Amino acid sequence: MKRLFLIPACIAGLFIFQGCEDDDNNLHSGNEAVENAFTAKYADATHVDWGKKGDYWVVDFNKDAKNMEAWFGQNGEWYLTETDLSFDMLPEAVRTAFSAGEYQSWHIDDIDMVERKDMETIYVLEVENGEQEYDLYYSPDGTLIKAVADTDDNDDNEKYLPPSLPDKVNTYISTNYPQAKILEAEMEEGMYEVDIFDGTAYRELLFTSEGDWSSTETQVRKDAVPQNVMDALLASEYASYTIDEIDFYETPQRNYYYFELESPSQDVDLIITLEGAIEVVKVDRD
């Protein structure tokens, strides 16, 4: 973990009667609301170092033999805590998923647990293989949420801060998925992309810049696909293809299943409507 602000606890040779604070809690933010919020959340923190990052108070500290960094707003509202972990500190599901995944042979450079306000905890593994570097984002149950190429060496935890989403987005999610936890959210190409886990499935929701819902993509298992949709596939020329992934799309216009298929000679993406009609979206020949 990078220390954002480091200030000596005491400066020797200054006023002889100016004492030093306790070495385990030697700095203060000067903001009473923030310090009270921090103390309430991490009462037994040690080696506390306060600093400022934009509109946030950032505090580096130790707790339970772990290096941690927490972010608070001006009024003491907690937003983010990042904790350095070793591999054996990860949840078993995450360790198992990494060890069985495509990056298992890559060197792990750093591991962080990221806890955020109103969002699901995530585990970020920084891995490297030669000149390649990736950040792997895992949910607590071991699902690899995304793998992002790390090209800018940005270790600033500001990138993990909970996003400020339009009220319409938050209202839509809380109304339609009241048990959902937000995993990731970002603005991309003029759209809000919000990944959620609602206790039963992982979903990717898209919203316009004004916060209007545009689509929901849900990964589904083969046995969860309606029989008439599977019958349509099995009656088509793609019946012998291997199913690589199935997603269910919901949009204001229509709902449909999106199949990614592969064969020894080509890969094919299909849309199959709820009525069983097939549309070929993409064909990649080997």
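Start by selecting Asp64: with a relative accessibility of 51%, this residue counts as exposed, because the exposed class begins over 50%. Before you go on, keep in mind that you are looking at a predicted model.

**Stop 1: the loop around Asp64**

Stay on Asp64 and show the backbone around it. The residue belongs to the loop between strand 2 (56-63) and strand 3 (66-72). As background, most residues other than glycine have a negative phi.

Now step along to Ala65, which sits in the loop between strand 2 and strand 3. Ala65 also has a positive phi, about 65 degrees, and is not a glycine. Its relative accessible area is 81%, so Ala65 is exposed.

**Stop 2: salt bridges**

In general, side chains of opposite charge can pair when their charged atoms come close. How many salt bridges does the model have? The count comes to 12.

Select Lys63 together with Asp64: their side chains form a salt bridge, at 3.0 Å from N to O.

Next, pick Asp135 and Lys159. These two form a salt bridge whose closest N and O atoms are 3.9 Å apart. The pair connects distant parts of the chain, 24 residues apart: Asp135 is in strand 7 (residues 132-138), while Lys159 is in the loop between strand 8 (144-149) and helix 3 (167-176). Are the two partners buried or exposed? Asp135 is buried, at 5% relative accessible area, whereas Lys159 is partly exposed, at 34%.

For another pair, select Arg221 and Asp223. Their side chains meet in a salt bridge of 3.0 Å, N to O, and both residues are exposed.

**Stop 3: Thr121**

Move to Thr121, in the loop between strand 5 (107-116) and strand 6 (122-129). Is Thr121 buried or exposed? Its relative accessibility is 18%, so Thr121 counts as buried, because buried means under 20%. To see what surrounds it, show Met113, Val114, Glu115, Tyr138, Ser139 and Pro140: Thr121 touches these residues, leaving aside those up to four places away in sequence.

**Stop 4**

Switch to a cartoon view and find the open sheet of eight strands, which pair antiparallel in the order 9-10-11-12-13-14-15-16. Which strands are at the edges? They are strand 9 (181-188) and strand 16, each pairing on one side only. Going from one strand to the next, the twist averages 20 degrees.

Zoom in on strand 13 (residues 242-250) and strand 14 (residues 255-262): they run antiparallel and are joined by eight bridges. Here you can find Phe248 standing opposite Tyr257 in strand 14. Then bring helix 3 into view. Helix 3 packs on the sheet and touches strand 9, strand 10 (191-197), strand 11 (202-208) and strand 12 (213-219). The direction of helix 3 makes about 145 degrees with that of strand 11.

**Last stop: a surface patch**

Finish by showing the surface and selecting Ile278, Val280 and Val283. They form a nonpolar patch, with about 200 Å² of accessible area together. Val283 lies in strand 16 (residues 278-285) and is partly exposed, at 33% relative accessible area.

Definitions and conventions. Residues are numbered from 1 along each chain as its sequence is written. This is a predicted model: local features need pLDDT of at least 70, side-chain atom pairs count only at pLDDT 80 or more; totals for chains, interfaces and linings use all residues. Side-chain values use heavy atoms; hydrogens and water are left out. A salt bridge is a side-chain nitrogen of Lys or Arg within 4 Å of a carboxyl oxygen of Asp or Glu. Helices (H or I, at least four residues) and strands (E, at least two) are DSSP runs, numbered from the N terminus. Buried means under 20% relative accessible area, exposed over 50%, partly exposed in between (1.4 Å probe, protein chains only). Contact means heavy atoms within 4.5 Å. Patches are made of residues with over 30% relative accessible area and no salt bridge: like charges are joined within 9 Å, nonpolar side chains (Val, Leu, Ile, Met, Phe, Trp, Tyr) within 5 Å. Accessible areas come from the Shrake-Rupley method with a 1.4 Å probe; for residues, only the protein chains shown count as cover. Two strands pair if DSSP finds at least two bridges between them. Axes are lines fitted to C-alpha atoms, for helices over the stretch in contact, and angles run from 0 to 180 degrees between N-to-C directions.
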